[in-house]
Amino acid sequence: MIKQISVFVENKKGRLAKITEVLGQAGIDLIALSIADTTNFGIMRCIVSDPDKAISVLKQNGYTASTTEVIVAEVVDEPGGLASVLGVLDSAGISVEYLYSFVRTPNENALILFRVEDIGTAISALRENGVKLLDSGDVYQI
Amino acid sequence: MYWNKEIECMDREQLGLIQLEKLKATAKKVYENVPFYKKAFDDKGIRPEDIRRLDDLKHLPFTVKNDLRDNYPFGLFAAKQEDIVRVHASSGTTGKPTVVGYTKRDIKNWADLMARTYVFAGGNKNSVIQVAYGYGLFTGGLGAHYGAEALGAMTVPVSGGNTKRQIMLMQDFGTTIIACTPSYALFMAETMEDMGIDPKSLKLEAGVFGAEPWTEAMRTEIEHRLGILAIDIYGLSEIMGPGVATDCEYKQGLHISEDFFLPEIIDPDTLEPLPYGEKGELVITTIDKDGIPLIRYRTRDITSLHEQTCGCGRTMVRMDKVLGRSDDMLIIRGVNVFPSQIESVLVEMADVSPHYQIVVDRASNVDSLEVQVEVSAALFSDEIKRLEDLRNKIEAEIQSVLGIGVTVTLVEPKTIERSMGKAKRVIDNRK
């Protein structure tokens with residue numbers, strides 16, 4: 001399981017720049033990032049090099065932030081790669097709340113982050129089907 | 001033109017005698033029938049028979065809005081429930097409305113007073129009166145409606161909203177008097193312009209506007225754009241509803257129907273009565289009501305009274321246009337809104353009091369209400385749909401408490417301006 005940081009962001013010019021600046025000044029590296037948005041507000045979700053420090057820095061700067069446990073799976077970078085992993089979750093009766101992918105260099109396998117309701121069941125189902133999951137040690141070093 | 005010349009132009013000395021008799025009867029009625037007043041009179045050591053002159057009014061106890069809420073729903077009614085034929089209600093600070101009741105005679109008198117109001121605006125039985133105040137628990141719609149019928153006018157009960165249809169009916173029915181909030185009148189003028197309709201091509205002659213504070217500048221604009229006479233009416237549901245006071249074509253203040261309502265101006269801090277001409281809080285005693293007569297009701301409205309006979313010939317005392325309230329109540333689209341009502345909804349949702357701000361604006365002459373809520377850790381969720389659900393739930397909750405539409409915006413913590421450590425709760429951009 002990997003700790004993801006979620007931050008509440010108003011849909012206003014310059015807000016993301018400010019948040020990433022706060023993290024940058026604290027020496028925190030962004031490893032993966034996704035934004036979910038509505039017309040009024042958004043949620044910035046990210047994997048960072050030091051989640052605990054990130055949370056405390058964000059709170060000190062007045063942001064509302066929380067951590068969520070997610071799964072990061074290695075997916076073969078070829079057509080149908082993601083489909084087979086999603087198929088495993090589907091057969092196990094697990095629905096995906098959201099997912100997004102990591103930025104990687106070419107020729108490497110893709111890394112996909114999943115947020116599911118029942119994280120324990122999802123992990124065992126994926127492992128049983130030979131899907132490689134990354135642990136926090138792997139991810140925070142990327 | 002008058003509806004009841006004898007009363008409206010009565011010699012003030014003679015009027016005083018009538019008022020004294022009615023005041024004595026009212027004091028006796030509430031003392032004998034309303035435990036709240038019996039206690040209030042006893043606490044002050046005064047009995048109804050101690051009232052000998054009108055000036056003795058100042059010895060009687062005050063009534064405030066809270067007293068209606070504390071005695072919710074019917075505790076201040078002086079008439080038996082079997083004699084009450086209608087109730088109206090307005091919003092209160094805790095979500096519980098303040099309730100007023102009317103007997104058959106009260107309803108008839110109210111209609112008669114509203115008919116008087118239409119005559120101020122030039123109305124008669126040939127008038128076509130379109131009532132665009134909201135119908136329902138709010139006194140505006142039904143009050144204006146029965147007054148128009150009592151006048152003998154053709155009454156068009158459209159209620160509020162659906163502006164294009166309102167305009168179509170005005171054209172087709174030949175509406176001569178419109179009754180609505182002043183901001184809605186301006187919105188109608190704008191809509192007419194958008195529709196390519198020249199307001200001056202309509203038969204509209206006058207408007208009876210009230211239920212929200214408005215300025216002389218707004219009156220000039222309405223009169224200019226719609227080409228009509230704009231009359232200001234004043235009322236509040238606790239006292240009766242619309243028709244308590246109305247201004248005439250001389251626009252020198254609103255004539256209070258003193259045969260029914262005894263006005264005073266007091267200093268809101270010392271509670272001492274102030275002489276004519278001085279600014280203070282308006283206090284009204286209803287002297288001819290059966291359902292819920294109120295003694296020295298503090299309206300919270302700041303104004304002053306003038307007793308000189310008006311150019312129109314009426315001797316009834318005039319009050320200045322009400323522009324300020326002595327508490328934090330907002331009037332939005334004619335509905336009373338207290339910030340504390342919104343706060344109580346938010347506290348219920350979050351278990352703690354979140355920082356919030358109420359932003360009132362007027363776009364295209366319609367009031368808008370926005371509530372900005374800071375997303376605290378207690379409210380935050382990592383999932384968009386949960387946050388959206390929260391937002392919708394707050395909107396629905398506030399809407400059901402206030403009875404008017406609201407937009408809720410979720411904002412980042414610390415974005416709401418604070419002064420002296422306290423968040424500024426209300427921003428009213430309508431001024």
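In the predicted model considered here, B:E374 stands opposite B:V411, a residue of strand 20 of chain B. These two strands, strand 19 (residues 366–374) and strand 20 of chain B, run parallel and are joined by 5 bridges. Strands here are DSSP runs of E with at least two residues and helices are runs of H or I with at least four, both numbered from the N terminus; two strands count as paired if DSSP finds at least two bridges between them. Helix 11 (residues 384–402) of chain B packs on the sheet and touches strand 19 and strand 20 of chain B, its direction making about 140 degrees with that of strand 20 of chain B. Such angles run from 0 to 180 degrees between N-to-C directions, with axes taken as lines fitted to C-alpha atoms, for helices over the stretch in contact. A contact between two residues requires that their C-beta atoms, placed from the backbone, lie within 7 Å.

The sheet in question is an open one of 4 strands in chain B, with the order 20-19-18-23 and mixed pairing. Its edge strands, each pairing on one side only, are strand 20 (407–411) and strand 23 (426–428) of chain B. On average, and with direction ignored, neighbouring strands of this sheet are turned by 20 degrees against each other.

Some conventions apply throughout. Residues are numbered from 1 along each chain as its sequence is written, while chains are lettered from A and ligands numbered from 1 in the order in which they are written. As this is a predicted model, local features need pLDDT of at least 70 and side-chain atom pairs count only at pLDDT 80 or more, whereas totals for chains, interfaces and linings use all residues.

The predictor assigns the complex an ipTM of 0.80 and a pTM of 0.63. For chain B the mean pLDDT (the predictor's confidence in each residue, from 0 to 100) is 90, and 94% of its residues reach 70 or more. Chain B contains 11 helices and 23 strands. Of its 431 residues, 46% are buried, a term that requires 20 or more other C-beta atoms within 10 Å of the residue's own, with C-beta atoms placed from the backbone; 12 or fewer make a residue exposed, and values in between partly exposed. Among the contacts in chain B with a separation of 6 or more, 66% are between residues 24 or more positions apart.

A second open sheet of chain B is built from 9 strands in the order 4-3-5-6-7-8-9-14-13, again with mixed pairing.

The loop between strand 3 and helix 6 (139–151) of chain B holds B:A132. This residue, B:A132, counts as buried because it has 28 C-beta neighbours inside 10 Å. Leaving aside residues up to four places away in sequence, B:A132 touches several residues, including B:V158, B:I178, B:C180 and B:Y184. Although B:A132 and B:Y184 are 52 residues apart in sequence, their C-alpha atoms are 8.8 Å apart in space.

Helix packing can be followed in chain B as well. The axes of helix 8 (residues 182–194) and helix 9 (residues 216–226) of chain B come within 10 Å and cross at roughly 35 degrees. From helix 8 of chain B, B:P182, B:A185, B:L186 and B:A189 meet B:M218, B:E221, B:I222, B:R225 and B:L226 of helix 9 of chain B. By class, this contact has 7 nonpolar, no polar and 2 charged residues; Ala, Val, Leu, Ile, Met, Phe, Trp, Tyr, Cys and Pro count as nonpolar, Asp, Glu, Lys and Arg as charged, and the others, Gly among them, as polar.

Elsewhere in chain B, strand 12 (residues 297–303) is largely enclosed by the rest of the structure, because 5 of its 7 residues are buried. Strand 11 (residues 280–286) of chain B runs antiparallel to strand 12 of chain B and is joined to it by 4 bridges.

Chain A has 5 helices and 7 strands, and 28% of its 142 residues are buried. The contact between the chains takes 14 residues from chain A and 15 residues from chain B. On the side of chain A that touches chain B, strand 1 (2–10), strand 3 (41–48) and strand 4 (65–75) of chain A each supply at least two residues. Strand 1 of chain A gives the most, with 3 residues.
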